[in-house]
Amino acid sequence: MLPTPNGAPGADSIGQELLTFFINVGETFAKNLPISLALAAAFTVLTSAWARNPGRPWWAKRDLVTDLCYWFFIPVITRFLRIGLLVVGAAVLFGITTANGLVAFYDNGHGPLAALPLPAQMVLFLIGEDIILYWTHRYFHGQKMWKYHAVHHSSEQVEWISAARFHPVNLFLGSVLADVVLLLAGISPNVFVALGPLTIAHSAFVHANLDWTLGPLKYVIAGPVFHRWHHTAADRGGNKNFAATFPILDVIFGTFYMPAGQLPDNYGIDERDYPESFPAQLARPFTQ
Ligand SMILES: [Zn+2]
Ligand SMILES: [Zn+2]
């Protein structure tokens, strides 16, 4: 914040901070829009031919407005949570507290990991991220944390647009934490240039209403049927298939579930009075 001559933040600098905030929000929206339109077009075509659960198309789903709120606001929330945790992490673990120090520290990674070629860093990032996310996801399925994760499972019509339904607490102790741990370990933030859009597209893909099991590749990469089982009731596949990207983690840790000759249906959670609006869902864990 720019100080006034007497050292206190003035109205001008507060205005400037607010302007910067709205520019940041606008940039995040603008970056998200082209990929959203491309995904909407792709899944409109694909789900009309290979729908796992026929019925209403994605654009006519009951809680579409809620999904759209998550889809466009969650990247903004994630961005600010990530910046906050990056700043705190560098200060606590490396004693870096100046703006210039932070830029130099994160600009191109640090230490031995940053010396690796970028594709190798991308592979390490994907593996590291998926291992952290597997365990944080299991943690959020526990009794204490479920209230923050329930929103992800609450939609009864799972579609590609449902992929961003995450409570900020879930994000903070999930993907944001994983990203920051790996950047603090030294991986360059440049991995996000390619992996960012790919991760969004893959996350939309696993939530898409498609009957694709991916055949033998089902152990290699998470697909729609693999993840749709995770959205069924806990006594079916709901407490299985925790991996975001690599199902081999579920095989290793004994939670892989894709029964032969069966396909998933009936999604959602047991709580019948679960709210449907975006603000009510964000408030829900604190009012229970
Ligand atoms: Zn889950
Ligand atoms: Zn999901």
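H153 counts as buried because its relative accessibility is 2%, below the 20% cut-off. The model is predicted. H149 is buried as well, at 1% relative accessibility. Both residues sit in helix α6. They are 4 residues apart, about one turn of the helix.

**Zinc ion (ligand 1).** H149 and H153 are among the protein donors of this ion. Along the chain, the donors follow the spacing H-x3-H-x7-H-x3-H-x76-H.

**Zinc ion (ligand 2).** Here the coordinating residues are H152, H207, H227 and H231. NE2 is again the donor atom in each. Their spacing reads H-x54-H-x19-H-x3-H. H152 lies in helix α6 (residues 146–153) and H227 in helix α9 (residues 224–230), so this pair ties together parts that are 75 residues apart in sequence. H152 and H227 are both buried.

| Zinc ion | Protein donors (NE2) | Distance |
|---|---|---|
| ligand 2 | H152, H207, H227, H231 | 2.0 to 2.1 Å |

**Geometry at ligand 2.** The angles among the 4 donor atoms run from 95 to 146°. Four donors count as tetrahedral only if all angles lie between 85 and 135 degrees. The site of the zinc ion (ligand 2) is therefore classed as irregular. For four tetrahedral donors, the ideal angle is 109.5 degrees.

Conventions
Residues numbered from 1 in each chain as written. Chains lettered and ligands numbered in written order. Predicted model: local features only at pLDDT ≥ 70, side-chain atom pairs only at ≥ 80, totals over all residues. Heavy atoms only, no water. Donors = N, O, S within 2.8 Å, 3.2 Å for Na, K, Ca; no water. Tetrahedral: all angles 85-135°; square planar, octahedral: opposite > 155°, others 65-115°. Helix = DSSP H or I, 4+ residues; strand = E, 2+ residues; numbered from the N terminus. Buried < 20%, exposed > 50% of the residue type's maximum accessible area, 1.4 Å probe, protein only.
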